[in-house]
Amino acid sequence: MLASLPAKDEGTEGEKAVDIDNLINSKEDLFPDETTPNRLFNGIPFKEIPVFNIRVSPNNTILSLTDQKGVPKLIRSCGVEGFKNTRKGTNIAAQATAISIGTRALERGWKTVRVRVRGLGPGRMSAIKGLQMSGLNIISVTDSTPVSWDPPRPRKVRKL
């Protein structure tokens, strides 16, 4: 695995690679079961770990940190961060916003978090990457994007 990593230079200084297969003791640990809410992560039960809600749309990305009961503690969006108009919907804006709210969460003492992503847009993965870059330990990523099982009515047939 180390042979595949590039040589150390200024571009790869902060990068790290983790062999995930060696960290997983068994494949059963990978998926949740009935004991997951009481499982300890850094000494905190899973059900008491705060949740980062990432609401992604094509035009903006909104990040909020809530405690285990759902009470919001921190809220930040790309517009509040200083990005205006069409720049709010970019992945760079989502990553910068995630880094800033992640550092604020670390200052308040939250180190281990869960992530819930909702919506489709360019900032989905980059917001999660920004939370990682800020130093947070992400233990769970959940996608709660609403899926419509009754799609809109199709357009009428074109008459020639």
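Colleague: Where is Lys88 found?
Modeller: In this predicted model, Lys88 lies in the loop that runs between α2 (78-81) and α3 (91-107).

Colleague: Which residues is Lys88 in contact with, leaving aside its neighbours within four places in sequence?
Modeller: Those residues are Asn59, Asn60, Thr61, Cys78, Gly79, Phe83 and Ala93.

Colleague: And how many Å apart in space are Lys88 and Ser77?
Modeller: Their C-alpha atoms are 8.5 Å apart, and the two residues are separated by eleven residues in sequence.

Colleague: Turning to charged pairs, how many salt bridges does the structure hold?
Modeller: There are three salt bridges. One of them joins Arg124 and Asp143, whose closest N and O atoms are 3.1 Å apart. This pair links distant parts of the chain, as Arg124 belongs to helix α4 (residues 124-133) and Asp143 to strand β7 (residues 137-143), 19 residues apart.

Colleague: What is the relative accessibility of Asp143?
Modeller: The value is 48%, so Asp143 counts as partly exposed.

Colleague: Which residue forms a salt bridge with Asp67?
Modeller: The partner of Asp67 is Lys73, with 4.0 Å between the closest N and O atoms.

Colleague: Why does Asp67 count as buried?
Modeller: Asp67 counts as buried because its relative accessibility is 16%, and the cut-off for buried is under 20%. Lys73, by contrast, is partly exposed at 37%.

Colleague: What about Arg76, which side chain does it meet in a salt bridge?
Modeller: Arg76 pairs with Glu81 at 3.0 Å, N to O. Glu81 is partly exposed, its relative accessible area being 26%.

Methods
Residues are numbered from 1 along each chain as its sequence is written. This is a predicted model: local features need pLDDT of at least 70, side-chain atom pairs count only at pLDDT 80 or more; totals for chains, interfaces and linings use all residues. Side-chain values use heavy atoms; hydrogens and water are left out. Buried means under 20% relative accessible area, exposed over 50%, partly exposed in between (1.4 Å probe, protein chains only). Helices (H or I, at least four residues) and strands (E, at least two) are DSSP runs, numbered from the N terminus. Contact means heavy atoms within 4.5 Å.
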